[in-house]
Amino acid sequence: MLLHALILGIVEGVTEFLPISSTGHLIVAGSLLGFSDARAGVFYVAIQTGAMLAVVWEYRSRFFRADVKLWTNLAVAFVPVAVLGLAFGSFIKQILFKPVPVALAFIAGGVIILFVEKGSLKSRIETTRSMTWLDALKVGVAQCVALIPGTSRAGATIIGGMLFGLSRPAATEFSFFLAVPTLCAAGTWDLWHNRALFSADDIGMFAVGIAVSFASAFVVIRWLIRYVATHDFRPFAWYRIVFGAVVLLTAHFGWVTWKG
């Protein structure tokens, strides 16, 4: 199980902040590893805490000082997904936390990214410091789409932010910031709500998953900051489409028995 935690921690950290859906990758990877039961669903959410801590560490100069405007914007942006997540989270996990629905969401998200990148969006907000609470709320509403596994929280917030007038770097950075309350709340709530599924013997599994998630996410954050300065997200869109198509084809022809 520790090996599974190691693999899934890497998957989480590498994919959390890219517009390719960390949850979708975890569901697919977990299915291949034979770890796709109720415990696995909780584990997927819990190890996102490691990726969240990577953001806090990278941007510690902003998080650990009295940046009232930043924290206000994050609080406002967090509210929509908190409300909808509490209302529909269990239903979504029961129905959509499966490889085939995830694959469909992968493809749909890829098509949307290509459509957005094809247009010539004009930004009116160049940095996160210029965002108002209304800008934050709009990004928060966009984040709600990511309740559908395979959609991508990063993709929804970054692409949504760009549609609402944020520059690519500003949308990416705010997506990083918004991960902190979102992932922390989701991980804590899910783990507490399902605590009966685990015992003290599972502490090592969670520790490995969170630690590896932190390390791999930290590397990706630094790389993505440089990437968005000169590149768009079309390569990730094509990756999503191909990845989703592979899952659907293997499921259709029976080449892989997808569990979940």
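Helices here are DSSP runs of H or I with at least four residues, and strands are runs of E with at least two, numbered from the N terminus. A pocket, on a 1 Å grid over the protein atoms alone, is an open set of points where a 1.4 Å probe fits, with protein on both sides within 12 Å along at least five of seven lines; its lining residues have an atom within 4 Å of a point.

Some notes on the model. It is predicted, so local features need pLDDT of at least 70 and side-chain atom pairs count only at pLDDT 80 or more, while totals for chains, interfaces and linings use all residues. Residues are numbered from 1 along each chain as its sequence is written, and side-chain values use heavy atoms, with hydrogens and water left out.

Two or more lining residues come from each of α2 (22-33), α3 (38-46), α6 (68-96), α9 (153-163) and α10 (168-193). The largest share is that of α6, with ten residues.

By class, this lining has 21 nonpolar, 18 polar and seven charged residues. Nonpolar covers Ala, Val, Leu, Ile, Met, Phe, Trp, Tyr, Cys and Pro; charged covers Asp, Glu, Lys and Arg; the others, Gly among them, are polar.

The second largest pocket has a volume of about 300 Å³. Its lining counts 18 residues, and nearest the centre are G109, I112, V145, T151 and A156. Which helix gives the most to this lining? It is α7, with six residues. The classes here are twelve nonpolar, five polar and one charged.

Next, the backbone. Most residues other than glycine have a negative phi. S21 has a positive phi of about 75 degrees, and S152 has one of about 95 degrees. S21 sits in the loop between α1 and α2, and S152 in the loop between α8 (133-143) and α9.

Are these two serines buried or exposed? Buried means under 20% relative accessible area, exposed means over 50%, and partly exposed lies in between, with a 1.4 Å probe and protein chains only. S21 is buried at 2%, and S152 is buried at 4%.

Last, I10. This residue is in helix α1 (residues 2-15), and I10 is partly exposed, with a relative accessible area of 40%.

Definitions and conventions. Grid points are joined across faces, edges and corners, and a volume is the space filled by probe spheres set on the points.
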